[in-house]
Amino acid sequence: MSLLSLLAAGVRGGSLPRDPAENPALTTWRQIAHTEQGHNAPRGPNTWTAKIQSVVEASGVRMGWSGFGGQSGAVAWSLRANVEGTPLMMNGSDLIVVPANTIVWTDDIPLAIQPGQQIHFTVEALQPGPPNGVSDVLNQYGSAISMPWPIAVLGKTTTTEKALLGTGDSIMTQAAWFSPLPVPTINLGVPVTRWTTTANARYGGQASALMNAASHVVIQFGVNDIGGGDLTSLKTSARSCWDSHAAATSRPLYQTTPTPKLSGTTGDGCASSAGQTLGTWEPVRQNLNAWLRDGAPDAGGIRAGEPGHPLTGIIDLAVAVESPTEPGKWDWTKGNLGGDGVHPSDLGQSYMRQVMNDWLLTL
């Protein structure tokens with residue numbers, strides 16, 4: 001019996017075969033594994049074989065690809081893909097076309113998926129052509145990029161299963177604090193992104209389809225905005241961002257507190273107090289975080305979680321890595337948490353991930 005047949009039959013070790021449709025509780029299409037944004041990966045071979053690991057039980061598989069808004073001109077990706085040897089189809093065709101600023105979804109595959117199960121897939125990029133060819137897709141830095149990885153992998157799960165979608169900047173792209181978590185995640189981190197861009201412009205058309213593939217949405221913007229305005233303008237930008245996300249999804253929205261942002265490092269860098277140089281914007285960041293920790297009240301005093309506010313709550317990431325005695329600096333007593341002073345190190349991300357794990361227990 002082939003692996004695909006085993007998957008379709010639902011055979012797991014000594015368990016009995018089971019049709020995926022036989023579990024009536026599996027009714028909700030939702031992210032079932034961890035995926036990360038691959039738009040800034042350099043071009044590699046035109047064919048990739050990879051795997052994902054499902055976190056939950058699911059019936060069926062549906063994959064989504066996102067055409068990055070930075071694709072040069074109107075160039076679209078064209079690709080073919082398969083899951084365990086079964087071709088992925090889109091509208092009945094095995095050719096998957098991914099235009100810029102668009103999210104596309106494959107047709108459903110009827111597989112029975114168990115928690116912890118690895119699902120293998122292969123992607124063959126047909127267009128753009130060979131690396132550095134005239135039809136290459138470029139990122140915002142002018143480098144040729146590839147799309148080896150689906151941005152979302154959905155399956156039918158129970159309505160109680162949780163999944164997170166994270167929107168953010170290059171700190172979200174680092175991913176170690178956001179994934180892997182105990183629940184499936186979609187990582188939409190894009191470098192140098194701010195509050196001041198609408199959700200669809202960030203992630204392409206049909207952003208709502210992606211956000212609704214999760215049960216909760218985490219917004220990590222803010223670090224890039226600090227230094228670019230006063231507190232009043234930052235509040236306005238933040239509210240505009242939250243409103244645009246709320247318009248795209250009915251899922252609960254959560255904003256994180258921006259982590260420290262140094263103007264530079266010297267000597268031991270973030271492994272010491274003396275090695276960290278605060279930016280002139282630090283008082284604004286402190287006031288911004290105080291506002292967020294207070295529930296980001298609007299002019300009428302309505303706070304996150306109250307009717308009329310776009311946010312359900314605040315996740316305090318900054319407190320996990322910021323010095324309690326010298327606000328604005330990374331907590332050097334725990335080691336080098338701050339990396340280059342803006343992007344947390346792996347150690348810093350491990351403390352941030354603890355916050356995320358604790359927050360998940362409250363949902």
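Modeller: D316 counts as partly exposed, at 22% relative accessibility, and please keep in mind that the model is predicted.

Colleague: Which residue does the side chain of D316 meet in a salt bridge?

Modeller: That is R293, with 2.8 Å from N to O. R293 lies in helix α6 while D316 sits in the loop between β18 (313-315) and α7 (318-321), so the pair ties together parts that are 23 residues apart in sequence. R293 is partly exposed as well, with a relative accessible area of 41%.

Colleague: And R285 with E282, where do they lie?

Modeller: Both are in helix α6 (residues 282-293), three residues apart, which is about one turn of the helix.

Colleague: How many salt bridges does the structure hold?

Modeller: There are nine. One of them joins D108 to R62, where the closest N and O atoms are 2.7 Å apart. D108 belongs to the loop between β8 (103-105) and β9 (109-113) and R62 to strand β4 (residues 58-66), so this pair ties together parts that are 46 residues apart in sequence. D108 itself is partly exposed, its relative accessible area being 41%. There is also a network of salt bridges that links R239, D243 and D298.

Colleague: Let's change topic to strand β12; why is it described as largely enclosed?

Modeller: Five of the five residues of β12 (residues 164-168) are buried, so the strand is largely enclosed by the rest of the structure. In a regular strand the side chains alternate between the two faces of the sheet. In β12 both faces are covered, with L164, G166 and G168 buried on one side and L165 and T167 buried on the other.

Colleague: Which strands are joined to β12, and do they run parallel or antiparallel?

Modeller: Five bridges join β12 to strand β13 (residues 185-189), and these two run parallel, with L164 standing opposite T185. Four bridges join β12 to strand β14 (residues 216-219), again in a parallel arrangement, and there T167 has I219 as its bridge partner.

Colleague: What about β5, is it mostly covered or mostly open?

Modeller: Strand β5 (residues 77-83) is mostly covered, since five of its seven residues are buried. Three bridges join β5 to strand β7 (residues 96-98), running antiparallel, and W77 is partnered there by V98. Two bridges join β5 to strand β6 (residues 86-87), also antiparallel, with P87 as the bridge partner of N82. The hairpin of β5 and β6 has two residues between the strands, and E84 takes a positive phi near 50° in it.

Colleague: Which residues form a nonpolar patch on the surface?

Modeller: L95, V97 and L126 do, with about 190 Å² of accessible area together. L126 is found in strand β10 (residues 118-127) and is partly exposed, with a relative accessible area of 33%.

Colleague: Last one, is A33 buried or exposed?

Modeller: A33 is buried, with a relative accessible area of 0%, and is found in the loop between β1 (28-31) and β2 (34-36). The C-alpha atoms of A33 and G116 are separated by 9.3 Å, although the two are 83 residues apart along the chain.

Notes. Residues are numbered from 1 along each chain as its sequence is written. This is a predicted model: local features need pLDDT of at least 70, side-chain atom pairs count only at pLDDT 80 or more; totals for chains, interfaces and linings use all residues. Side-chain values use heavy atoms; hydrogens and water are left out. Buried means under 20% relative accessible area, exposed over 50%, partly exposed in between (1.4 Å probe, protein chains only). Two strands pair if DSSP finds at least two bridges between them. Patches are made of residues with over 30% relative accessible area and no salt bridge: like charges are joined within 9 Å, nonpolar side chains (Val, Leu, Ile, Met, Phe, Trp, Tyr) within 5 Å. Accessible areas come from the Shrake-Rupley method with a 1.4 Å probe; for residues, only the protein chains shown count as cover. A salt bridge is a side-chain nitrogen of Lys or Arg within 4 Å of a carboxyl oxygen of Asp or Glu.
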